[in-house]
Amino acid sequence: MKKLTATLLFVVGLFGICVCNARAAEKPLKVFILAGQSNMQGHAHVRTFDAMDLDPKTAPILKEMRSADGTARVLEKTWISSIGSAEDEQVGKLTAGFGAQERGPKIGPEFTFGIYLQKLLDEPILIIKTAWGGKSLHTDFRPPSAGPYEFNESQLAGFEKQGKDLDAIRAEKAEATGRYYRLMLEHVRHVLADIKRVVPDYDAQQGHELAGFVWFQGWNDMVDGGVYPHRDKPGGYDQYSEVLTKFIRDVRKDLSAPKMPFVIGVMGVGGPVDQYRPGEQRYAGVHQNFRNAMAAPAALPEFEGNVAAVLTEKFWDMEVVELREKEKQIKQQVDEINQQVKEGKLTREEGSAAVEERYAQTFTPRELVILKESTSNFDFHYMGSAKIISQIGKAFAESMVEMMRTQQREENQ
């Protein structure tokens, strides 16, 4: 009798496990859309990964980014379709290399975004990424409800002074307005119409769910003094806030996802403005005004709990900033050595050795790795630093999941 009871309990337990597994498998594929310009493309070269291990804050992230053999991790339950970062659409299981293709392989926020989504949700995930470099919200991504772009008085006066054809300029602007908003939606719909093309084992009966959207853009708007003539004054970027608010509404309407969680990656190039160096202070007001404008929609009552702003300035690598300042102290000595090489007083080999000696005298071996190996691109591309971009992607995922869980709790009440 005891054997029979034990057997029955085992069978019941096994059945319970099977039911739980079946229910887990029944969860719809979670679909996340990433959109923006060059920083959403991503310019962090994979060669900058190693430097992450030198900081206790990012070393654990690096472990998540690599397999046991040290190669970039390939996520088994997360797939991606990406356009704009390369000449052709890129599809496959998420790994490194879905950043900007030129002089790659590189990563954007998508890599750690996917890694931490998979870690936090433990569900199949599809990322649809649409990112093109050098694109604005005021024109390129302008949403339908924002209406046509209207030139301001100072712009019109400038065109007239230059003797330009205003009708031709208006026609050109009308053609460009909203083009990348439409391309973004077209690609999302294209992928969703045949998910199996990207996710081979997708089960249509299981279905999919538009689970979230991440917006990481802003540089072209921030630097455009023509569109935002009062950008150095409080409220100078109010137009950006208004258009971004309409962008969020329109995306949700056009994709029939009225409460889809929306993350705004607030531009943070340069780090917190209160830590700007004397030479950067002239930009502080403009940069802070723009960051405030980007974050503003998240504070609107209608977006409470479903729109979040992530301040990417928090992930700027201040240690690199400090080391660059230190490097300036030996610039004159290095310039003198290079001049001696140019004049033939030193051979190229002797010059290189002398420069290396100056650096070795100024920096520790660890500092040299950080200074020379942790960056791969311009500052406006977040230094092309995997250390910075990986933290941004992780923060996007954590913010997204927090909103998803909040919504789930509210639905269950």
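Okay, one definition to start: buried means under 20% relative accessible area, exposed means over 50%, and partly exposed is in between, using a 1.4 Å probe and protein chains only. By that rule Arg 103 counts as exposed, because its relative accessibility is 63%.

Quick housekeeping. This is a predicted model, where local features need pLDDT of at least 70 and side-chain atom pairs count only at pLDDT 80 or more, while totals for chains, interfaces and linings use all residues. Residues are numbered from 1 along each chain as its sequence is written, and side-chain values use heavy atoms, with hydrogens and water left out.

Back to Arg 103. You'll find it in the loop between β4 and β5; helices (H or I, at least four residues) and strands (E, at least two) are DSSP runs, numbered from the N terminus. Most residues other than glycine have a negative phi, and most peptide bonds are trans.

Now, is Ser 385 buried or exposed? Buried, because its relative accessibility is 1%. Ser 385 sits in the loop between α14 (365-373) and α15. Leaving aside neighbours within four places in sequence, Ser 385 is in contact (heavy atoms within 4.5 Å) with Ala 44, Thr 48 and Ser 374.

Beyond its neighbours within four places in sequence, its contacts include Asp 55, Asp 317 and Glu 319.
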